[in-house]
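Hi everyone, thanks for coming. Let me put it on the screen.

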Amino acid sequence: MKRVSIIIAAFLFMAVQMNGQSVPFLNINSDPYSHSMGGATLTLEQNAFTATNNASAMVFAPNKVYGGLSYNTWQPDFLNNTNMGIATFSKVGKWAWGVSAKIFGYESYKITNDKGGISDTYTPKESSFDLSGAYTINENLAAGVTLRYISSDLGKDASASGIAADISVTYMKDALKLAAAITNIGSEMDYGYGGYKLPSMAKFGANYTLELASENTLALNVEGGLVMKPSAFMAAVGAEYSYNDKFNVRAGYHIGDETVIPSYGSVGLGVKVWRLSLDAAYLFGGGENSTLDGSFGIALGYRF
């Protein structure tokens, strides 16, 4: 009876969280910079999390080495989840190589015994570990690949693992950036009750930077994505004002789908001092029943 209770609790948890898909956390970024721009990933300024956001863009980074740590709350007033990330990459000639990891922790649930009493609690968690590589095709074009190991632990009798890959291309010329990617292509997640497909996506993004005045720029960003299973369209629009490449103010909006990631608005700040950077994001709005209101993230990065 205890085993049955565990399985029921785990799969009720999955039904709420996954909405018919497995490991949806893969499409929830651990980069606060991305969150502040409506969840866009492909054509933002490079930071450590470019290693997992868009591998092909690593080779266009102005510095040779990047690293970063992040901590995010996700749905704090609804399920109180946490989202932590670590990433680093380095450029070597025409190549760039990166590694990154993400740990997504869910709110604990109670386990009942055969007498109906509470015998234990369980804290589900999911994680991904990435190895990324990129190659410079020419001065304006690059391609990248990310290999990903996925671990999902939703209960004592409900765990699975899988392997996936991302493929991306980036084009950069002057003030224009264009990028496209197919993400999370890979094996099904089998918890012992049949396979669940990964939340694969096809994405396209564009970014254009305007020179407003001396040391003042405004970057406009747009991105669209199609989730394969379940079929859903998402988009992100964002703007980033930068002064002297030291201080950044950001705002964005995510046009979402309740079966994947709901809509939300976002704001954020970025500060660079010497070789260090600090980024923060806050999510709000998205409708009367939004579950993302109050989500917050912060990241510390380095570059040299």
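Let's start with the largest nonpolar core, which has 24 residues; V23, F25, W74, I150, M189, Y191 and I261 touch the most other members. By nonpolar core I mean a set of buried Ala, Val, Leu, Ile, Met, Phe, Trp, Tyr and Cys residues joined through side-chain atoms within 4.5 Å. Buried means under 20% relative accessible area, exposed over 50%, and partly exposed in between, with a 1.4 Å probe and protein chains only. Two or more residues of this core come from each of β7 (141-155), β8 (158-173) and β14 (232-243), and β8 gives the largest share, 3 residues. Helices (H or I, at least four residues) and strands (E, at least two) are DSSP runs, numbered from the N terminus.

Before I go on, a word on the source: this is a predicted model, where local features need pLDDT of at least 70, side-chain atom pairs count only at pLDDT 80 or more, and totals for chains, interfaces and linings use all residues. Residues are numbered from 1 along each chain as its sequence is written, and side-chain values use heavy atoms, with hydrogens and water left out.

What does I261 touch? Leaving out residues up to four places away in sequence, I261 touches N27, I28, W74, M234, H254, G256 and L292, where contact means heavy atoms within 4.5 Å.

Now the rings. Phe, Tyr and Trp rings (for Trp, the six-membered one) pair if their centres lie within 6.5 Å; planes under 30 degrees apart count as stacked, over 60 as edge-to-face and the rest as tilted. By this rule there are 8 aromatic pairs. One of them joins W95 and Y135, and because the planes stand at 55°, with centres 4.8 Å apart, the pair is tilted. This pair links distant parts of the chain, 40 residues apart: W95 sits in strand β3 (residues 95-105) and Y135 in strand β6 (residues 125-138).

Together with F25, they form one aromatic cluster.

On a 1 Å grid over the protein atoms alone, a cavity is a set of points where a 1.4 Å probe fits but cannot get out, and a pocket is an open set with protein on both sides within 12 Å along at least five of seven lines; lining residues have an atom within 4 Å of a point. Grid points are joined across faces, edges and corners, and a volume is the space filled by probe spheres set on the points.

The largest pocket has a volume of about 710 Å³. Its lining has 41 residues, with Y33, E45, Q46, D245 and K272 nearest its centre, and strand β18 (residues 296-303) supplies the largest share, 5 residues.

How many cavities of 30 Å³ or more are there? The search finds 3. The largest holds about 490 Å³, and L26, N27, N29, T41 and K203 lie nearest its centre. Thanks, and over to you!
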